[in-house]
Amino acid sequence: MTKVLIATDKPFAEKAITLITMKLKQANFQTEFLERYTQKSELLRSAETADAMIIRSDLIDQEVFEVAKNLKIVVRAGAGYDNIDLEAAGKKGVVVMNTPGQNANAVAELAVGLALYGIRNMFSGTSGGELRGRTIGLHGYGYVARNVHRIAHGFGMDTIVFTRFSKAQAVSEGIRLADSLEELYAQSDVVSIHVPARGEHIKSVSYEVLQHLKQQAVIVNTARKEVINEDDLVNFMRFRPDVKYLSDIIPDNHEVFEKTLQGRYYFTPKKMGAQTAEANINAGVAAAEQIVNFILNGDKTFQVNK
Ligand code: 3PG
């Protein structure tokens with residue numbers, strides 16, 4: 001019997017768990033849920049007998065692929081797959097997929113919420129600003145950014161985008177394009193980051209880019225901490241007391257922010273962007289369906305390690 005391990009340090013909502021189990025049962029697959037595990041050994045033990053895995057931000061490294069002798073597919077219920085060692089997966093012939101777009105609205109709603117919180121001076125009782133009439137700069141234009149644009153438009157914001165890969169998409173929606181990252185940061189009141197932690201994006205938010213920011217700018221990061229050059233950000237914010245940074249990821253330099261940048265940053269305690277029942281259902285059920293279609297029909301749509 002095909003065994004699907006659902007290994008989620010951050011568990012799915014109950015409704016999502018019911019629906020995932022139902023989908024897999026219909027295909028006659030067995031399920032094992034490993035949630036809120038604290039030791040890697042727990043993950044390794046469960047992975048040993050798994051044919052397929054559904055994960056979130058769980059770290060799936062070479063060691064996991066080594067012990068999981070029966071493993072054929074790992075589906076990341078979500079967008080970013082920087083937590084999976086694709087090379088190790090390839091060596092073992094394991095197919096890796098994500099579920100693009102399925103949790104995008106949830107992340108986008110959080111991004112706009114953080115923007116509002118920042119523009120309103122962290123609800124501190126002091127007089128802030130409004131989103132209406134301000135410009136939101138989208139660094140990247142994938143599924144999350146497209147949802148941010150839709151929501152921001154409802155607030156009466158203008159959108160500007162810097163993207164290398166989705167220019168046609170942005171133009172087809174009538175969105176203004178920035179020719180460079182520097183231009184994007186120079187023209188935005190709020191910058192919202194939506195690029196993956198891969199290749200050219202790593203540390204792409206550097207001092208060279210940040211120095212162009214407008215007065216009172218708010219930076220929102222619901223992507224990954226790796227896309228920020230944190231040392232540069234801290235140094236920049238030290239001499240630009242008007243700038244705020246709000247992030248869904250606790251940075252490595254957390255203590256430096258606490259000590260020197262009080263009142264100008266906010267970090268969620270745990271990655272919260274996709275932590276909604278709706279996103280859990282969309283991404284979790286899509287992951288279950290992708291596993292069924294792959295195991296039963298060899299369907300490799302959404303494979304990311306081709
Ligand atoms: C993603 O890459 O899909 C988001 O960062 C959500 O991650 P999570 O599933 O760990 O909440």
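Asn 28 lies in the loop between α1 and β2 (30–35). This is a predicted model, in which local features need pLDDT of at least 70, side-chain atom pairs count only at pLDDT 80 or more, and totals for chains, interfaces and linings use all residues. Residues are numbered from 1 along each chain as its sequence is written, and side-chain values use heavy atoms, with hydrogens and water left out. Helices (H or I, at least four residues) and strands (E, at least two) are DSSP runs, numbered from the N terminus.

**Positive phi**

- Most residues other than glycine have a negative phi.
- Asn 28 is not a glycine, yet has a positive phi of about 70 degrees.
- Asn 28 is exposed, at a relative accessible area of 56%; exposed means over 50%, buried under 20%, and partly exposed in between, with a 1.4 Å probe and protein chains only.
- Met 122, also not a glycine, has a positive phi of about 55 degrees and sits in the loop between α5 (104–119) and β6.
- Met 122 is buried, with a relative accessible area of 11%.

**The five-stranded sheet**

- An open sheet is formed by five strands in the order β2-β1-β3-β4-β5, with parallel pairing; two strands pair if DSSP finds at least two bridges between them.
- The edge strands, β2 and β5 (95–98), each pair on one side only.
- From one strand to the next, the twist averages 15 degrees.
- Strand β1 (residues 3–8) and strand β3 (residues 52–55) run parallel and are joined by four bridges; Val 4 stands opposite Ala 52 in β3.
- Helix α1 packs on the sheet and touches β1, β2 and β3, its direction making about 155 degrees with that of β2. Axes are lines fitted to C-alpha atoms, for helices over the stretch in contact, and angles run from 0 to 180 degrees between N-to-C directions.

**Strands β6 and β7**

- Strand β6 (residues 135–139) runs parallel to β7, with five bridges joining them.
- Ile 136 stands opposite Thr 159 in β7.
- Four of the five residues of β7 (residues 158–162) are buried.

**Helices α1 and α12**

- Helix α1 (residues 14–26) packs against helix α12 (residues 277–297) at an angle of about 15 degrees, with the axes 9 Å apart.
- The two helices, α1 and α12, are therefore roughly parallel, a term for angles under 35 degrees.
- Contact (heavy atoms within 4.5 Å) involves residues including Leu 19 and Lys 23 of α1 and Gly 284 and Glu 289 of α12.

Technical notes. Angles under 35 degrees count as roughly parallel, over 145 as roughly antiparallel, 65 to 115 as roughly perpendicular and the rest as oblique.
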